[in-house]
Amino acid sequence: MQQIRIGMIGGGTVGGGVYKALRRNGDLLAARVGIRLAIKRIAVKAFDEPRKVAIPHSLLTLDWREVVEDPEVDLVLELAGGTTTAREMVLCALRLGKPVVTANKALLSAHGEELFGEARRRGVNLYYEASVGGGIPIIKALREGFVGNRIERIYGIVNGTCNYILTRMKLEKVDFEVALSEAQKAGYAEADPSLDIDGHDSLHKIGILASLAHGFWVDPRRIHVEGIRRLSKLDVEFASQLGYTIKLLGVAKKIQPQTAPGKSPAKNEGLLVAVYPALIPNSHVLASVNHSFNAVFVRGDVVGDTLFYGRGAGQDPTASAVLSDLADAALDLKHNTRQRVPPFVPHDKHGRLLSINEAVSRYYIRLKVVDRPGVLAAIAAVLGKANISISSVIQPEGREGDNVPLILMIHEAPNKAMADALRRVARLPVVKANPVMIRVENLD
Ligand code: HSE
């Protein structure tokens with residue numbers, strides 16, 4: 001049986017998972033694809049790093065170039081993380097005509113256009129199933145399963161750490177910090193957890209999905225991002241009282257841009273790509289995606305609504321996605337079908353990204369106010385002047401004169417008008433803390 005020799009860079013959580021999974025299911029994989037996958041060399045940061053999965057010392061090296069340039073390495077598996085050296089590693093492999101499998105969403109977000117361009121020029125593939133949604137085969141689904149669809153909507157719960165935190169806050173009323181440290185212990189969180197909780201990991205992932213689905217490379221600097229750091233247990237509780245669940249969503253949807261009053265309505269549909277926490281109705285299936293599970297909702301113009309669900313973080317789910325890419329890469333090498341399913345094909349040169357300011361939403365607003373006569377009227381006056389309409393109000397009973405939370409649900413309003421009005425509300429003397437604003441996503 002033909003053997004494909006893999007050079008792996010990175011012996012950490014995912015690397016260990018791939019090594020373990022190949023040991024466990026290597027025979028099965030060989031039987032299914034007719035090719036044996038063998039790990040030839042592994043570049044690690046240090047020989048004595050603590051490893052949950054024992055790797056024979058004879059495979060290890062400290063020099064990634066030894067792995068990439070080894071003539072006996074047929075394909076390179078980049079699991080190093082980071083964006084600077086990882087970019088060099090991938091470019092080096094592609095220039096040597098070696099296909100690359102990567103799980104590195106930050107790398108693709110920052111340099112995807114360049115790397116896919118290089119792969120095209122060199123006639124090799126760059127595979128990236130493990131970069132989004134852990135074990136969920138969402139890249140394959142978009143690239144192959146939905147090749148005949150225009151993608152109208154993607155809503156993704158694509159960060160396991162944030163979903164774990166929000167779930168624990170909702171179901172067990174655990175504090176944010178406690179839930180974060182649990183997610184770190186479970187191995188879901190990035191080395192720098194701010195990548196998770198400030199929404200950047202979700203931004204990398206929704207950017208990759210949006211680029212693939214829409215055929216133009218979405219510049220990550222133009223993706224609006226908000227994380228979950230400013231949310232409190234109060235928000236989770238009030239949302240629940242109102243029949244909603246808060247989820248951090250990656251959103252890529254086609255919308256008609258809003259125009260300023262007096263300007264003629266823009267006809268050009270555009271793509272909004274953003275990451276923000278959102279209240280979603282409990283009746284929607286995404287509201288039941290709990291703990292470290294991820295889910296991606298995709299609407300295609302032919303297929304309609306679809307949902308992909310699975311473990312989005314952790315060693316084994318990510319290893320499962322890497323194995324799928326290794327099998328594809330091995331088949332491509334065996335049959336010399338180097339562009340069988342091109343990994344990313346630019347196909348919409350006129351695709352247009354819209355800014356969040358051009359979108360409309362409904363909102364949940366939490367204010368901390370003094371409970372005394374005229375407070376609600378003063379706030380409503382500011383909103384009314386901005387043509388923003390309140391749909392409901394909750395204020396838990398407190399003693400007159402105390403600070404109390406005041407929750408406002410707002411009808412659809414342009415994002416910019418809402419943000420401007422909220423700045424004015426925050427300046428009112430009766431408002432005692434920065435307002436919290438969370439979008440309400442219809443998922444329509
Ligand atoms: N930190 C990521 C998450 C790992 O929590 O989803 C998977 O990309």
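**View 1. Lys 253 and Glu 441 meet through their side chains.** In this predicted model, a polar contact of 2.8 Å links the side chain of Lys 253 to that of Glu 441. Lys 253 sits in strand E9, which covers residues 244-255. Is Lys 253 buried or exposed? Its relative accessibility is 10%, and buried means under 20%, so Lys 253 counts as buried.

**View 2. Here are the neighbours of Lys 253.** Leaving aside residues up to four places away in sequence, Lys 253 touches Glu 152, Arg 153, Tyr 155, Gly 270, Leu 271, Leu 272, Tyr 276 and Glu 441. Look for Glu 441 in this list: the side chain of Glu 441 is the partner in the polar contact with Lys 253.

**View 3. Now let us turn to the ligand and its side-chain partners.** Follow the side chain of Lys 105 to an N or O atom that is 2.5 Å from an oxygen atom of the ligand. For Lys 205, the distance from a side-chain N or O atom to a ligand oxygen is 2.7 Å. Asp 196 has a side-chain N or O atom 2.8 Å from a nitrogen atom of the ligand. How much of the ligand does the protein bury? Taken alone, the ligand exposes 260 Å², and the protein buries 92% of that.

**View 4. A shell of 13 residues surrounds the ligand.** The closest are Lys 105, Gly 160, Thr 161, Glu 190 and Lys 205. Helix H6 (160-171) and helix H9 (200-214) are the elements that each give two or more residues to this shell. Sorted by class, the shell holds four nonpolar, four polar and five charged residues.

Definitions and conventions
Residues numbered from 1 in each chain as written. Predicted model: local features only at pLDDT ≥ 70, side-chain atom pairs only at ≥ 80, totals over all residues. Heavy atoms only, no water. Near = heavy atom within 4 Å. Polar contact = N/O pair within 3.5 Å; in protein donor to acceptor, adjacent residues only side chain to side chain. Areas by Shrake-Rupley, 256 points an atom, 1.4 Å probe, with all protein chains shown as cover. Helix = DSSP H or I, 4+ residues; strand = E, 2+ residues; numbered from the N terminus. Nonpolar A, V, L, I, M, F, W, Y, C, P; charged D, E, K, R; others polar. Buried < 20%, exposed > 50% of the residue type's maximum accessible area, 1.4 Å probe, protein only. Contact = heavy atoms within 4.5 Å.
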